[in-house]
Amino acid sequence: MKRAFLLTILFAAAPIATMAYAGDLLLRLGPEELVQAGGANISVLGYSVPSLADWDNDGLNDLIVGEGGGGYTEGKVRIYINAGTASQPQFTTYFYAQANGGNLTCPGSGCLGCFPRVVYWDADARKDLLVGQADGKVKLFLNIATDENPTFGAGSFLQVGPLASKANIDAGDRATPSAVDWNSDGKKDLVVGALDAKIHLFINEGTDTAPDFRVQTFAQANGSDLLVPPSRSSPDVLDLNGDGKKDILTGNYNGELLFYSNTGADAEPNFAGYESVESDGVPIDLAGTPRSRPFVCDWTADGYPDVLIGAGDGKVHLYQSIPQPGDTDKDYDVESDDFALLALQWGATDCGYCGGADFFDDDQINMLDVLTLAEHWLEGCE
């Protein structure tokens, strides 16, 4: 499932009424799990950097994991194809992403090898790879094969500066990039975390399919550059509180997960303080100083946001949201908004996701769904 579609599902009720948790973090995460492949915990060489994308275009999300650093001189990108279903992902083995006739590699150093993110960068409708490096540079690998079976060219460093004097983007060390429309102008921008704890911004002054970065700026908090404590920012940018404005969910040096709510506008993000994200009622804080690298996804295609975290142990940590029965709009509360959404879907059959109202996953909206919603709404009123 594409992340834009995930957000549409999560906040579909917003035009109908004010959501119960609007402004608050919409993550109610259960206990930590470790993602497995072939019956054993995934453990890559060095530091893991996970994300989800439909690599082979079969309609199922696959697992993409960067590796390297931590004493390994070479970073690579592992691809785990989902051999299960959308609601029950299963992985057996992996292969390495290919570029320029061999394994795609990055120069590993310190706590990072390759930091990969699948993107559609240019106009050819084939998935490409954006890869952050330990030296602070960001490399783009364009797909020279097909969207169903990606293979990449040699790659080139993304650059910034005036047209006549471009230089390679350099975030200092430990670049953790993603493509985000930061200023809501319909064009992808570049957001990069780094060892210096800042959120580096490169606003696109070209087009969406031919980006042009002229200057580097930084995300702001309380009138100054936002600094993720104590260091090593690794941001994922998306609306996580249902107010229609992009927020920041970031890892750090300590292995924590921090949420920064956007107190500005969607087109002009600004931030104040942060809150620690909890798992099973306890703040997430991985053992040691593992440099947490999060990615928000919909792991089981249930419409709720889940979180993958990569770390220095090489494992892929998974935190799944705890579903609330009767919660049509996925705001972890059962109230009148949920009845309104269910009414819009009443009588639907073969409707796929059914707007979140198909609580029995039977592709029908009927009285069973109404009774489920009513039961849990009344529970909240007791």
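Q: Before we look at the cysteines, what counts as a disulfide here?
A: A disulfide is a pair of cysteine sulfur atoms within 2.5 Å. Please keep in mind that this is a predicted model.

Q: How many disulfides turn up in the whole structure?
A: A search of the whole structure finds one disulfide.

Q: Which cysteines form it, and how far apart are the sulfur atoms?
A: Cys106 and Cys114 form the disulfide, with their sulfur atoms 2.1 Å apart.

Q: Is that disulfide right-handed or left-handed, and why?
A: The torsion about the S-S bond of Cys106 and Cys114 is about 110 degrees, so the disulfide is right-handed.

Q: Are Cys106 and Cys114 buried or exposed?
A: Cys106 is buried, because its relative accessible area of 3% falls under the 20% limit. Cys114 is buried as well, with a relative accessible area of 0%.

Q: What about Cys111 and Cys297, buried or exposed?
A: Cys111 has a relative accessible area of 1% and is buried. Cys297 also counts as buried, at 4% relative accessibility.

Q: Back to Cys114: what is the bridge partner of Cys114 in S12?
A: The partner is Gln133. Strand S11 and strand S12, the latter made of residues 128-133, pair in the antiparallel sense over six bridges.

Q: Which strands make up the open sheet with S11 and S12, and in what order?
A: Four strands form that open sheet, in the order S11-S12-S13-S14, and the pairing is antiparallel. The edge strands are S11 (114-119) and S14 (156-157), each of which pairs on one side only.

Q: Is S11 enclosed or open to the outside, and why?
A: S11 is largely enclosed by the rest of the structure, because five of its six residues are buried.

Q: How do side chains alternate in a regular strand?
A: As a general point, side chains in a regular strand alternate between the two faces of the sheet.

Q: Changing topic, where is Asp266?
A: Asp266 is found in the loop between strand S25 (257-260) and strand S26 (275-276).

Q: Which residues is Asp266 in contact with, leaving aside neighbours within four places in sequence?
A: On that basis, Asp266 is in contact with Trp182, Ser184, Gly244, Lys245 and Lys246.

Q: What joins the side chains of Asp266 and Ser184?
A: A polar contact of 2.7 Å joins them. In sequence, Asp266 and Ser184 are 82 residues apart, whereas the C-alpha to C-alpha separation in space is 6.8 Å.

Q: And Thr300, where is that, and is it buried or exposed?
A: Thr300 lies in the loop between strand S29 (293-297) and strand S30 (306-310). Thr300 counts as buried, at 16% relative accessibility.

Q: What share of contacts between residues at least 6 apart in sequence joins residues at least 24 apart?
A: That share is 50% in the protein chain.

Q: Last one: what does the accessible surface come to?
A: The accessible surface of the protein chain comes to about 15,000 Å², and 52% of it belongs to carbon and sulfur atoms.

Key:
Residues numbered from 1 in each chain as written. Predicted model: local features only at pLDDT ≥ 70, side-chain atom pairs only at ≥ 80, totals over all residues. Heavy atoms only, no water. Helix = DSSP H or I, 4+ residues; strand = E, 2+ residues; numbered from the N terminus. Buried < 20%, exposed > 50% of the residue type's maximum accessible area, 1.4 Å probe, protein only. Pairing = 2+ DSSP bridges. Contact = heavy atoms within 4.5 Å. Polar contact = N/O pair within 3.5 Å; in protein donor to acceptor, adjacent residues only side chain to side chain. Areas by Shrake-Rupley, 256 points an atom, 1.4 Å probe, with all protein chains shown as cover.
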